[in-house]
Each structure stands twice: as C-alpha cells, then as structure tokens.
Amino acid sequence: MALLTPDDWEIIALSLKVGAVAVGGTMPVAFLLAWLLARGRFPGKLLLDGIVHLPLVLPPVVTGWLLLLAFGNNGPAGRLFAEWLGISFMFRWTGAALAAAIMALPLMVRAIRLSLEAVDRRLEGAARTLGAGPVRTFLTITLPLSLPGVLAGAVLGFARSIGEFGATITFVSNIPGETRTLPLAIYSALQVPGGESAVTRLAIISALLSLAALMVSEILVRRAGSGRGGHVL
Amino acid sequence: MSFEIDVTRRLGDTKIALSLSTGPGLTALFGPSGAGKTSILNMVAGLLRPDIGRIVVGDDTLFDSAGKIDLPPQHRHAGYVFQDGRLFPHRRVRANLLYGERRAALDNRLLGFDEAVAFLGIGHLLDRWPRTLSGGEAQRVAIGRALLSGPRFLLMDEPLSSLDAARREEIMRVIERVRDELRLPILYVSHDRAEVDRLATSVVNL
C-alpha cells in the first residue's frame with residue numbers, strides 16, 4: 001500500500017508483535033490470578049487484588065520506573081531472567097512487551113474474574129454428580145462458560161498493550177525498530193518539524209487497530225456464546 | 001435396604017437433621033419449602049458435606065463421619081435430576097445426554113443411548129440447544145442425562161415444580177416407568193401431596 005511508508009509498516013508489525021506477546025505471556029498468569037480472586041479464600045486476598053490493579057491507577061511512569069528497578073540489568077528479576085532463560089529486557093522489544101503486559105494485566109484479570117464469577121456453580125455440581133472429577137469439570141464446564149470473558153480480556157489487553165506509552169518509554173526508552181511502538185512513534189513524529197502527516201497516518205492506524213480489536217472480540221464472544229446467545233463486555 | 005441416611009448439618013441458623021431407612025422403590029421426602037429437603041439430596045449426592053452422620057445406598061457407604069469415608073460426587077453414582085433441569089447451556093441436547101457416559105461405560109450400563117432416547121421420547125430434540133427447550137422437554141432430557149450416567153440410584157428434586165399440568169402428567173409417567181421398569185431406588189423431594197400419593201412407595205415427612 002502506497003499510503004504507508006516502510007517505516008510505518010515496521011512500526012505496525014512491532015506493535016502487533018509486542019501486543020501479541022504481552023497478551024499471550026500474561027494470559028496464564030491473568031487466569032490464575034482471576035481464579036484466585038474469584039474462587040479463592042485466603043488471607044491477603046484484598047492486598048493481592050490491590051496489587052493486581054495497581055498499574056491501573058499508578059502513574060505509568062512510576063510503573064516503568066519500578067520495572068526498571070526490578071527487571072533492569074542489575075535488578076533481581078532481570079538477573080533471574082537473564083541467567084535462567086537468557087532473556088534480557090533492557091532497550092529491547094521484550095521489555096516493551098513486559099511493560100505492556102503489566103499494564104494489560106488488571107484489565108485481563110478483571111474481565112476473566114467477572115466471567116468466572118458469572119459461571120453458575122450449580123452446573124459444576126451437576127457435572128460432578130455425572131461422574132466428572134474436578135479437572136474434567138473445569139475443562140468442560142467452567143472454562144467454556146467463562147470463555148467469553150477470557151476472550152474479551154485478551155482483546156482488551158491487546159488493545160491496551162498496543163496503546164501503551166508511559167511505562168514503555170520509561171522502562172525501555174524509544175528506540176526505532178526495537179521499542180518504538182505506535183504511540184511512541186506518534187510522540188516522536190510530533191517532536192519533528194513537518195511530522196504532521198506521519199502523526200496523522202499513525203493515529204488513524206491506531207484508531208483502526210483498536211476498533212478492529214473490539215470488533216474481533218465481539219465476534220469471538222458471540223460465536224463462543226452461540227449456545228446461550230449472550231455476550232459480555 | 002435402599003437408602004440408609006442419618007445426617008446432621010447446620011446451615012446458618014437452621015439445623016438439618018434426618019434419619020431414615022427405606023426399602024426399594026421411590027421414597028418421597030415430603031415437607032414444606034425450606035425444610036432442608038434439597039440439602040438432604042445434596043448430602044447424598046456429595047455436593048454438601050454433613051457435619052456428622054452416615055449415608056449408605058444399597059451396599060455402598062458414601063459417607064461415614066466415624067469411618068472417615070467421604071466419596072467425592074463423581075464416585076457416588078448418583079443420577080441427580082435437579083429442580084431446574086440444570087442442563088449445560090453450552091452443549092446441545094445430545095452432548096448433555098452423553099456427558100455422564102464415560103462413567104456409565106465403566107460401570108453397569110442401565111440402558112443404551114438409543115434406548116434411553118426412545119424411552120423418554122426425546123429423539124427430535126438431540127440437536128437443539130437447551131435454551132430452546134420447553135420446561136417439560138428440558139426435564140425429560142435432564143432425566144435422560146441422569147439415567148445415562150450409569151447411576152445406582154436416583155435423586156429427584158421437585159422435578160415437576162416448574163411444569164404445567166399437562167407436562168406434569170407426562171413426566172410423572174416417565175418417573176413411574178423409571179421406578180417400575182428400571183427398578184432403581186429413588187429419593188424424591190416434593191411439597192405436593194397429590195404427587196407424593198401417586199408416585200411414592202414410602203413417604204418420609206420432614
């Protein structure tokens with residue numbers, strides 16, 4: 001497409017990659033946390049709930065700074081990842097994905113938790129009397145019935161990820177081809193005289209991607225809920 | 001001996017206590033709403049744990065607080081027909097009916113799929129979603145689902161309460177046939193005198 005420059009395409013591809021990795025990596029963690037918050041009874045639940053939701057209310061620059069402390073080359077978590085998995089975050093796209101994941105986490109946990117709480121637990125009881133153990137009950141009843149919320153959470157998280165700005169730029173800076181996702185690219189273009197056309201192009205792409213994400217989620221949710229006709233969001 | 005139940009359970013301010021020993025056939029637990037009838041069924045099914053007591057069905061001890069026996073619900077072989085049908089909304093009728101088949105395959109199979117479908121007259125419903133079923137249809141499917149899970153006994157919680165007169169008659173005939181032809185012990189909860197008089201082999205007042 002002549003409307004977009006090769007640089008634009010690179011930015012889009014990077015944003016999509018960061019968003020997909022952020023959501024894919026966060027999903028198991030988000031589901032586990034949502035499960036604990038929806039079903040668990042343990043001391044410190046309120047505190048866990050608060051910590052999970054912290055990125056939602058904390059200034060993103062603070063989140064980015066905390067990430068820098070924890071996952072920087074000298075941070076404790078950063079060292080663990082480097083030694084055990086050979087993953088480094090500093091000034092790399094993986095760091096952008098991590099920042100996006102942290103920012104997306106509360107939204108994903110929220111959506112999944114709500115859908116888990118909406119599952120009629122009496123249906124799980126019915127499954128148990130029909131011979132299903134806890135694992136089969138989870139896989140055949142709880143998980144499919146909460147799927148709309150899981151999908152909605154994934155798409156919300158994805159949309160949040162490709163829009164992430166503050167934590168990303170603080171944590172891994174603004175490096176073309178590595179950490180310069182759509183919002184950072186728009187910010188950069190705004191700093192350059194004559195960058196208006198780039199800003200316009202990228203802003204339109206951002207809006208279209210967000211809109212597409214929401215529409216995809218709606219379609220997925222409807223398909224998943226075909227037996228019930230309902231949808232969550 | 002079919003059901004041998006001696007349980008106590010405190011739920012909030014109410015204390016549910018029951019002691020009974022029944023013969024074959026359909027035993028009705030009769031009493032007003034709120035008397036804890038459903039809780040008794042849930043305890044037999046393994047969905048609610050008695051504080052103390054013993055539950056034996058046929059030769060199987062399902063629960064015994066003294067002997068530290070507490071079989072999980074999936075190993076109790078109960079065919080539980082709930083008041084509201086409780087069909088799985090994300091599975092078609094056929095998949096609902098087959099949900100408990102895995103256990104039935106390992107255990108004594110009461111009747112085959114085609115047999116059960118014919119027995120209950122639900123052949124035309126197999127590809128439907130539960131939400132499109134009428135109350136009577138849903139209840140017949142729920143009975144079929146319970147029968148196909150290889151049950152050694154049935155628990156029925158007011159299976160007629162959400163139905164109109166014509167449907168009640170239809171489901172009562174099905175229950176009579178289950179009682180007389182399949183010869184499964186049935187524990188049946190109701191607050192309707194006429195229903196109990198017609199179906200019950202013995203009655204326990206709560």
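In what order do the elements of chain A run from the N terminus on? The order is α-α-α-α-α-α-α-α-α-α. The model is a predicted one, and in it the secondary structure of chain A amounts to 10 helices and 0 strands.

**Chain A overall**

Taken along the principal axes, the C-alpha atoms of chain A fill a box of roughly 70 × 45 × 30 Å. Chain A has 233 residues, of which 39% count as buried.

**A helix pair in chain A**

Two packed helices are described by the angle between their axes and the distance between the axes. For helix α1 (residues 6-39) of chain A and helix α7 (residues 134-162) of chain A, the axes come within 9 Å and cross at roughly 140°. Angles over 145 degrees would count as roughly antiparallel; α1(A) and α7(A) are therefore oblique to each other. Their crossing, that of α1(A) and α7(A), is right-handed.

On the α1(A) side, the contact is made by A:S15, A:V18, A:G19, A:A22, A:V23, A:T26, A:M27, A:A30 and A:F31. On the α7(A) side, A:V150, A:G153, A:A154, A:G157, A:F158, A:S161 and A:I162 take part. Sorted by class, the contact of α1(A) with α7(A) has 10 nonpolar and 6 polar residues, and no charged residues.

Most residues other than glycine have a negative phi, and most peptide bonds are trans.

| Residue | Phi |
|---|---|
| B:H77 | near 55° |
| B:E158 | about 40° |

Where is B:H77 placed? B:H77 is in the loop between β6 (69-70) and β7 (78-81) of chain B. B:E158 lies in the loop between β8 (153-157) and α6 (165-182) of chain B.

B:H77 is buried because 23 other C-beta atoms lie within 10 Å. B:E158 has 20 C-beta neighbours inside 10 Å and so counts as buried.

Technical notes:
Residues numbered from 1 in each chain as written. Chains lettered and ligands numbered in written order. Predicted model: local features only at pLDDT ≥ 70, side-chain atom pairs only at ≥ 80, totals over all residues. Axes fitted to C-alpha atoms, helices over the stretch in contact; angles between N-to-C directions. Helix = DSSP H or I, 4+ residues; strand = E, 2+ residues; numbered from the N terminus. Parallel < 35°, antiparallel > 145°, perpendicular 65-115°, else oblique. Left-handed = near helix turned anticlockwise from the far one by under 90°. Contact = placed C-beta atoms within 7 Å. Nonpolar A, V, L, I, M, F, W, Y, C, P; charged D, E, K, R; others polar. Buried ≥ 20, exposed ≤ 12 C-beta atoms within 10 Å, placed from the backbone.
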